[in-house]
Amino acid sequence: MSELSFENVSVRFGTGRRALTAVDGVDLTVPSGSVVGLVGESGSGKSSLARAAVGLHPVSGGRILVDGAPLGRDGRVGGRRPLQMVFQDPYSSLDPRMTIGASIAETLPRDAVRGSAARRDEVARLLGLVDVGAERAHMYPGQLSGGQRQRVALARALAGRPDVVIADEITSALDVSIQGTVLNLVRDLQRRLRLSMLFITHDLAVVRYVSDHIAVMYLGRIVEFGPAEQVLRDPRHPYTRELLAAARPGGSAAGPTGASALPAVVADAEPADPHHPPTGCRFHPRCPVGPLVHADRTVCRERDPAAAGHPHRTACHFVTVPPAPPHDPVCHGLAEPPAAATATG
Amino acid sequence: MTWRARWRGVLRTPVGASAAALLGAVLLLAVLAPLLWGARAEAVDTAQILRPASGAHWAGTDALGRDIFSRVLVATGTSVRLALAATALAVLAGLLLGTAPLLLGPRWGRLVTATVNVAVAFPGLLLALSFAVIFGAGARGAVLAIGLAGAPAFARLVQTLTATVAGRDFVAAARVAGVGRVRVLVRHILPNVGEPLVVNATIGAGGALLAFAGLSFLGLGVQAPEYDWGRLLGEGLNGIYLNPAAALVPGTAVVLAGLAFNLFGEAVAKGFGVHTAAPRRARRRSPEPSVPAVAPAGSDVLLHVEELRVSFPGPAGPVTPVRGVSLSVRRGETVGIVGESGSGKSLTALAVARLIEEPGLVEARRLDFLGHDLREAPTRAVRRLLGTSLAMVFQDPATSFNPTRRIGTQLAEVAREHLGADRRAALDRAVDRLRAVHIPAPRRRARQFPHEFSGGMRQRAMIGMGLMGSPQLIVADEPTTALDVTVQQRVLRLLAELRAAHGVAILLISHDMGVIEQVCDRVLVMYAGRIVEDLPTAELRDAARHPYTRALLAAVPDLSTDRDEPLPVIPGRPADPAAPPPGCAFAPRCPLADDHCRSSDPALVADGAGRRVACWHADRSPVGVAKGSA
C-alpha cells in the first residue's frame, strides 16, 4: 500500500461573489498502511477534499500526491487511478439497472484481469472478501439490504486495485444495527490487506474505532492532527474539545440541564457561514479561548494561526493543556513537536 | 417490481388494455392492408367516378373511380411508416443534442443547451412548415421537417433526465472507477432514463402522425401518386357536400390512430411513473381485546394512547407499520422513543399529532390528549386545543417552513389562527418567541426568509413556532438528526430548558440512544411496530431486559469501545413491516429465541414499578450479543 499526501490543497466552487472556498490550503498525509480519520461538521470541506482527490472536482491550488507522484486533473497517475472511493449512500451509489457483479467488474482494471472467466472469478473473490457471497453477483442492488449494498460498494472500490481507499461517511446512511457490521468489515479488510485509508465521518466514536490518526477539519482547514488516542485523550484545539464534549454522553460541555460549562457568549454564537469565512483564525467567533472571552486576544482576529511546532499540529494561537481532566500520563511526553513529524511523514 | 409485472399492471387497466388493443390493430393494419387490399385500392374504374357511399363502396369512389375505403385502409401503411420515421429522427436528433452537454463538457455543453432552449421556444409547426419548404414538398422532406421540428422538445427532455441521473452517486462512482464519458452515458445514464423516453416517444409518434396528416393535407407532404391519410382527407374534402364519407373516413382513421399512440403512451407513463394498481384498503376493525397494563389515567396524564395501530393500503393488502402501541406521557415528563428505521416510531408520533393523512388509517382503543378524544373528527375547540397545546418539530428544518414567506409571518399565523390575535400583537409575540429560543436579533431575524437561517437556527425557530401557543406537549421527530453535533447540543439544551422553565412534556423520537439519554426520563424501545421495552433512561445501560435493547446499545461504538475487539452486531436485517414474523418480531435475530418465541408474540408486561417489557426471556440473565460477523 501507499502513502497519500495533500500539499497545500485548495478547492473552490463558483466564481465572483458566490465563490466558496471549501478547502483552504490543506496539508495532510495518510501514511502507508494506516487509517486517517477526517472529522468535521457539514460545510467543513471534508467531502470536497475527498471528491477532489478522486478527480470528481478540480483542485484549484496545491498538489495531491500518491507515493510522491502527483495526481493528474482526472485523478490518474500514469494511466491508472490510484484512489478509489466508497460513497455515503449505498442506495444511490450503485446503478439500479446493473447487477452488482457487473458494477464490480466495471472497476476491474482492463489490463490486469483479462478474459471473461478471469473477471468473473475476480468478482466472486471480491464478493467473498466482503462477505456477500459470490452467488449474488447476478442480483440487482434493489434486492439487497443497505448493509449488503455498502459491502458491494466496498468490493467495487477494491476491484480498482487502489493504493488508497477513501471512505466518505460510509456508515451514516445505515441503521445502527447494520453500521457495526460495515465497520467490522472495514477494520478487518484494512488489517488484512494493509490498506491505506482516508476515513471521513462526523462521528467521533466511529472515527476513534477505525483510525490510527485523526485530522479535525473546520471551515476548510485542518485544525488538529495526531495519533487517534492522543487527539481524543488530550485534544489541544478548542474546536476538537467542543466536538468531544458533544460526543461524550453526560460529560458534555453543554449539559442537559441547560446549564452550560461554556460562557454564554460562546454557547450562543452561531456557526460561521462558509461563504463569508471570518478573518484570522476561522474559529475565533465561537472560540472559548479567543477574543470572545479574552478581549486582549485580538491576534485571533488578525492572523492565521500556524500549525507547525504545536503538539498535534494544532492551528491555534493559544494552544493550551485542556483546563479540565481527563489527563493521561501518556500524553505528557507529547508536549514537544514530534507529532508534527508524524503529520508530515 | 420487475418490468414484466409493470407491463402487466399497465395492460390490466381499462385504458391501458383498450389503447394497447387499438394500437395493435393499427400496426397490424399498417402491415397487412397493402397486401390484402393493395390491388383493389389501385383499381381504376371509370364507370364509377365520384360515387357516394354505397354497399359496394363503403366510402364511395374518387375521381378515378377507385374505392376510397380500401385506399384509407392501405394508406395506414404509409401514414404509420412515415410517422414512425419522423419520430425516429426526432428521437435520434434529440438524443444527440440532449446528451451532448454530458459528452462535450461544460463549456460546449452550455452552448448546445442554449441552442436547444431557443429551438424549443420556436413553435414546432412553424418550424415544420419552414423545413418543408427548405427540403421541398414530398414524403422525404416532410419526414425531415417533422422529425427535426420534434427534436428540440425531445432534446430538452433528454437533457433534464440525464442531468438528474448524472448527479447521482453511482455515476460519480463509475467516473472514479475510470469509466469513460461515452461508456458512462451508455451503460449508466441511458438505461436509467429509458422508460420516460420510450413513453414520450410513443406519445410523440401520435403527434407526428397528426402533423404528417396536416402537411399532406396542405400539399406539402406525400405527393401523387403516393397517398396517405392527409392526402385522402384533402381530396375528400373537395366533394364533402356530395360524399361526406370520403372526408370523414380518412379523418376518423387519423383520429383513431393518433388516439391509439397517445393513449398507449399515457397509460404506460402512468403505469411506470406512479404505481396505480388499485391498492387494497385497510379495513377498519375493532382492536384486539388484549389489555396491556398502562399507567392508570390519572389527572397528571397528558397523553394516553392504547392499542394504537397505523395502517396503509398496499398492493398485497394493508400494511400495518404500527401494531398496537400503548403509551402515556405525564405532565412535564420527557419520554423518548428509540428504534431503527421502519420500527414505526415516527408514525406513532405523527398519529399522536393527528398528522396521518388518507389513505393511512389510525385506530386506537384510546387516544386522549388533555382529556379529549382525538379519534373523533376534531371540533373547532379541539383543533384550537391541538394548535396551541401540542407542538410538533420535524427532522428536516429545511422543509418545515414555507420558503417564500418570512419567518416572523409564519410564526404569527399561529397566534392569529388559534388565539385570534391581531396582526401587530401576533408579530410581537413571534419576535418574543424567537427571543425565547435564543435567536439573536429576533426583530431583524423575524423579517428574514427561511433560507437566511442556518439549519440549527431554523430548527430553533420551528420550536419557537410551537411555543406561540402555550404547549403542554412537544412532539419532536428526530429533531437533531439533520444537524451537526455542536448545533445538536443547542437544540437539545433548548428542549431541556423549556421543560425546566414551563413544565412542557416532550415526546422525543430518535434513532440515537445518546440523544435520548441526554434529554429523557423514560425511554420506549420500538421494534417492528411495537414497543418492546419501556424503562427509565437511568436504567438503560445496566438494567435493560429486552435482548433488542441490549443489542442496540452494544452495537453503537462510543468513546470507550475497545478498539481491538470487533463491534457486537445484530445479525440479520430489520423486520419487514409488510410481513412481520408470526411470533416475536425480533426472534429471527435474537440469541435467546426458541420455538416458543418464533410461534407466539410476547405481550408487553408491566412490573410493579412501571417498567414494561415484551419478551418471553426477560428474566434470563443478560447474555452477550452475538459478536463478530453478521
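Visitor: Why does B:Arg365 count as partly exposed?

Guide: This is a predicted model, in which local features need pLDDT of at least 70, side-chain atom pairs count only at pLDDT 80 or more, and totals for chains, interfaces and linings use all residues. Residues are numbered from 1 along each chain as its sequence is written, while chains are lettered from A and ligands numbered from 1 in the order in which they are written.

B:Arg365 counts as partly exposed because it has 17 C-beta neighbours inside 10 Å; a residue is buried with 20 or more other C-beta atoms within 10 Å of its own, exposed with 12 or fewer, and partly exposed in between, the C-beta atoms being placed from the backbone. In chain B, the loop between β4 (361-363) and β5 (366-369) holds B:Arg365, strands being DSSP runs of E of at least two residues, numbered from the N terminus. Between the C-alpha atoms of B:Arg365 and B:Arg309 the distance is 9.2 Å, with 56 residues separating the two in sequence.

Six residues of domain 2 of chain B are in contact with six residues of domain 3 of chain B, contact requiring C-beta atoms, placed from the backbone, within 7 Å.

How values were computed. Helix = DSSP H or I, 4+ residues; strand = E, 2+ residues; numbered from the N terminus. Contact = placed C-beta atoms within 7 Å.
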